[in-house]
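Welcome! Let's get to know this structure together through a few questions, each settled by setting a value against a definition.

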There are 2 protein chains.
Amino acid sequence: MNTSIYDQDLGKNSANFQPLTPLSFLERAGQVYPERLAVVHGRLRLTYEQLWSRCRRLASALEEQGVGRGDTVSVMLANTPTMIECHYGVPMCGAVLNAMNTRLDAATIAYVLDHGEAKVLITDREFAPAIKEALALASTKPLVIDYDDLEFPQTGEKLGSLDYEAFLSGGSAEYQRGFPLDEWDAIALNYTSGTTARPKGVVYHHRGAHLLAVDNVLTCNMPSGAVYLWTLPMFHCNGWCFPWTVSVVAGTHVCLRAVRAATIYDLIAEHGVTHMCGAPIVLSTVCNAPDADKKPLEQTIHFMTAGAPPPETVLAAAKEAGFDVTHLYGLTEVYGPAVVNAWKDEWDTLPASEWAALKARQGVRYTMLEALDVLDPETMRPVPRDGKTMGEVMFRGNVVMKGYLKNRQATEEALAGGWFHSGDLGVIHPDGYVQLKDRSKDIIISGGENISSIEVEDALYKHPAVAGVAVVAKPDPKWGETPCAFVELKPGSIATAQDLIDFSGKYLARFKLPKHVVFTDLPRTSTGKIQKFVLRDKAKQEAD
Amino acid sequence: MNTSIYDQDLGKNSANFQPLTPLSFLERAGQVYPERLAVVHGRLRLTYEQLWSRCRRLASALEEQGVGRGDTVSVMLANTPTMIECHYGVPMCGAVLNAMNTRLDAATIAYVLDHGEAKVLITDREFAPAIKEALALASTKPLVIDYDDLEFPQTGEKLGSLDYEAFLSGGSAEYQRGFPLDEWDAIALNYTSGTTARPKGVVYHHRGAHLLAVDNVLTCNMPSGAVYLWTLPMFHCNGWCFPWTVSVVAGTHVCLRAVRAATIYDLIAEHGVTHMCGAPIVLSTVCNAPDADKKPLEQTIHFMTAGAPPPETVLAAAKEAGFDVTHLYGLTEVYGPAVVNAWKDEWDTLPASEWAALKARQGVRYTMLEALDVLDPETMRPVPRDGKTMGEVMFRGNVVMKGYLKNRQATEEALAGGWFHSGDLGVIHPDGYVQLKDRSKDIIISGGENISSIEVEDALYKHPAVAGVAVVAKPDPKWGETPCAFVELKPGSIATAQDLIDFSGKYLARFKLPKHVVFTDLPRTSTGKIQKFVLRDKAKQEAD
């Protein structure tokens, strides 16, 4: 690199360089809009001054316990104010937030706690049974802090030595943030059931969280003071970074413990909700609610959906109900959504079938994503933009993960050749919009949750009567997809479908259980590989 | 720094790290919205595909001429498509854009070309007289390229060896950007007349330009497809970064060679303008135009104003006319605006005088600015937030300049102690909003232009009859401020006010000439320093 006059005496210093971090958004909201409503939860209200102050107390209290840079704080929380506070308070003291899927089974929770080396666990009483079992299984012995939701009391056992409110009150609201030291420092750890039964820990950094949080504002046209309803679990890729996004616009978080249509309509009406996110099933639950549960919408509500293309009937119902739906796509490895079906006004007048075909496409890169393309994974060359040639969808940019925790090989494979290999197969249309066609990693997306078909297969394989098994996605009008198991029994063995479903419940969280079990000879290639595409076709033909 | 599990095998690579640059915004707009209208200029229309392609041609053509990383490309251009193209094409090949103030005198232009070591000069025929003289004065001999505006033909001499269109057509539209190598690399060089008669070259980097460009979208609530009218000169801090901001939302640039009310109303009506910027005088010109020049506004137009607090009468007229005015504040050293008078709805119902008092405040930090405060420059401690105690307004963050080109001492002084010292004196109110009270650097802001009082004093001091001189700002209903000179003549010497004004015209651009000359004994402190605050009071009392 030849140096120029611009390379002389123009270096970084503390006046002109600061690490990018989403923590600065809360600080600004706390400073500029201290009196603005930050959080609604039942009858609880927090202003930005209060929220910021509570987050500083949390950081301070964690630091008092010896938690610092690069330590993991795991949480098992519903969409409550505590979950929002953890998104700020944990990284403020340099620690890394590991928000766990609340539907995980005890064995997986134990694996996650151990692998992530959790130093602290903050847990909602609702999830006490699984957590208790997990803590017994885990080698790691984190400091356990119970969160007792006074607005929506839960009856689960208290497992910890400390209560969250008491813990918080021991911290100082004057806490001065000294982290991150570098914008590349980790901010979050999210386990994916992406590719295999063994979850991988996806690591995000402050820089990426900052950029994606801002990009959500751009992508979703969020104005200052937007009102955001938490229909999307915050444990999903940190709620697609929206816990940080809401602070960018100093908006209001409306918390929600469970997705129930009547509650959602009540909250929309009471708080003037403007934005919400969720899997298509959430949109469908809201739009297809009984009339008694519904309330008229007084404002247009922007609904961002991802996980699967929203079915045409759901889109029509949403439009009718007054929701403006944006279709996003992404993976845990890209901070949640990093692709948007950027809608063009001129498409609105197209015939219904063309309109729906365009709506089903995943779309184009987020503003902060450097590049999105469909490549031949062998040659790493882009496939022709013909809407037909299949390839692997790949991502490049600052909103691609640091990598997988303690898994150098998987990181190197996932990020080989300058691209994140999503494992999703798709095509790219002449206008540059990407559309998924299949998933090479055999993931089933049910109600917005990823289910590894391999994990389900592993559970069924444990049954003594099972000789062979292949699990594929079966399209489902309610859940999007459900696991459908094709099973070869051992000669002479007997088992019913219900036997197998009940048996797999020993190893799997309930949402992962196969909904259908079909006894059949498994179709195989000449090399013995099961032909899943044949089974996918068969699954479609099975009665619901 | 103790290392953690997150420091292992989770480094940067080309899949997950890319330098931030505003160039990526144009690339995305070109890819996602190729058919969308990017530029309007007279009858000329450019789509995003065309604009992006032209910018790549420019980069390629520059590279062919040996222009590369860290080379300066100076331009003397009105708000034309060429000026927009230079904001992308120049940094795309690694070079640094130096957009010069079109009102500069030949001597200053020559100084800037020499100091910035301009390798190329792209110049509009309109400015040929001053440029011709400057080129004769300058030691640097840049490659000169004439821009001949076919939409609004100019009669100035062609000075260069090349025509812009011909030059562009020699470049390749397939040019692949390889820059910036680092997001800290320089993108722009803007000379300020900030503190002394000798302009200083403020250097911006790609990172800061990216962040401020995005922040304008957040601050000004710009939706996708916003229509931006160029009432603000792009040579002012790169048009406050709006040449890059418009690409973030894939909006439309409506060009404008000169601020004329009738043209502005025509363009607003014809193109559905949604956003525009300018000094208060521009707002005033638009709002106080004769009825014959006006057209009814069919949409709310967001007008961002900075340079001086907008006078109450102008604000009232703007509101009446249908403009939604946002008051910004900044300096060249912070990429233009970095402070916004973030308006709160509850203030709308206040009595007029309180409302105007709040509107006059400079406000709070931009989202991307890390910190804004008023400090005692001696102790570097924040002043009390009482709205009364004066201190110096200081900035910290990623949107503070790299520093001054080839001026290590000035850079170190300006960025000492972890803050950029603005030289502006002000107070901070209990709610954290900053308000300017005086400028320690003796800058006069006239029609949105900075005039150094020292430079005007230097010119007057050259007159043989002048013994002492002090120039201060005199409030002006039209220009905001004008230079007012207080002069002590040498004993026995004779000169009229007009003599001195004419004389200073030899050294100063016309807009810098004193409008008033007052003969008086200069008030001095016991140490002989002229008491400018006394003169400022006197200037206010002078008849217009």
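Q: What makes a residue buried, exposed or partly exposed?
A: Count the other C-beta atoms, placed from the backbone, that lie within 10 Å of the residue's own: 20 or more is buried, 12 or fewer is exposed, and in between is partly exposed. This is a predicted model, in which local features need pLDDT of at least 70, side-chain atom pairs count only at pLDDT 80 or more, and totals for chains, interfaces and linings use all residues. Residues are numbered from 1 along each chain as its sequence is written, while chains are lettered from A and ligands numbered from 1 in the order in which they are written.

Q: Which residues of helix α5 of chain A are called buried?
A: In α5 (residues 128-137), they are A:A130, A:I131, A:A134 and A:L135. Helices here are DSSP runs of H or I with at least four residues, strands are runs of E with at least two, and both are numbered from the N terminus.

Q: Why are the buried residues of α5(A) said to line one face?
A: Seen down the helix axis, they fall within an arc of 130 degrees, so they share one face of α5(A); the arc is that of the directions from the axis to the C-beta atoms. The face turned away from them carries the exposed residues A:P129 and A:A136.

Q: What do the buried residues of α5(A) pack against?
A: Their partners in chain A are β3 (72-76), α4 (106-116), β5 (118-124) and β6 (143-147). A contact means that the C-beta atoms of two residues, placed from the backbone, lie within 7 Å.

Q: How do you know whether chain A agrees with a compact globule?
A: Its radius of gyration is 24 Å, and a compact globule of 544 residues would have one near 24 Å, so the two agree. The radius is taken over C-alpha atoms, and the globule rule is 2.2 Å times the number of residues to the power 0.38. Of the 544 residues of chain A, 57% are buried.

Q: How many residues of chain A are in contact with chain B?
A: There are 57, in contact with 57 residues of chain B. Helix α1(A) gives the most to this side of chain A, with five residues.

Q: What makes β5(B) a mostly covered strand?
A: Seven of its seven residues are buried.

Q: How do you know that β3(B) and β5(B) pair?
A: Pairing needs at least two bridges found by DSSP, and these strands have five, in the parallel sense. One bridge joins B:T72 to its partner B:A118 in β5(B). Strand β6 (residues 143-147) of chain B is also joined to β5(B) by five bridges and runs parallel to it; there, B:T123 has B:D146 as its bridge partner in β6(B).
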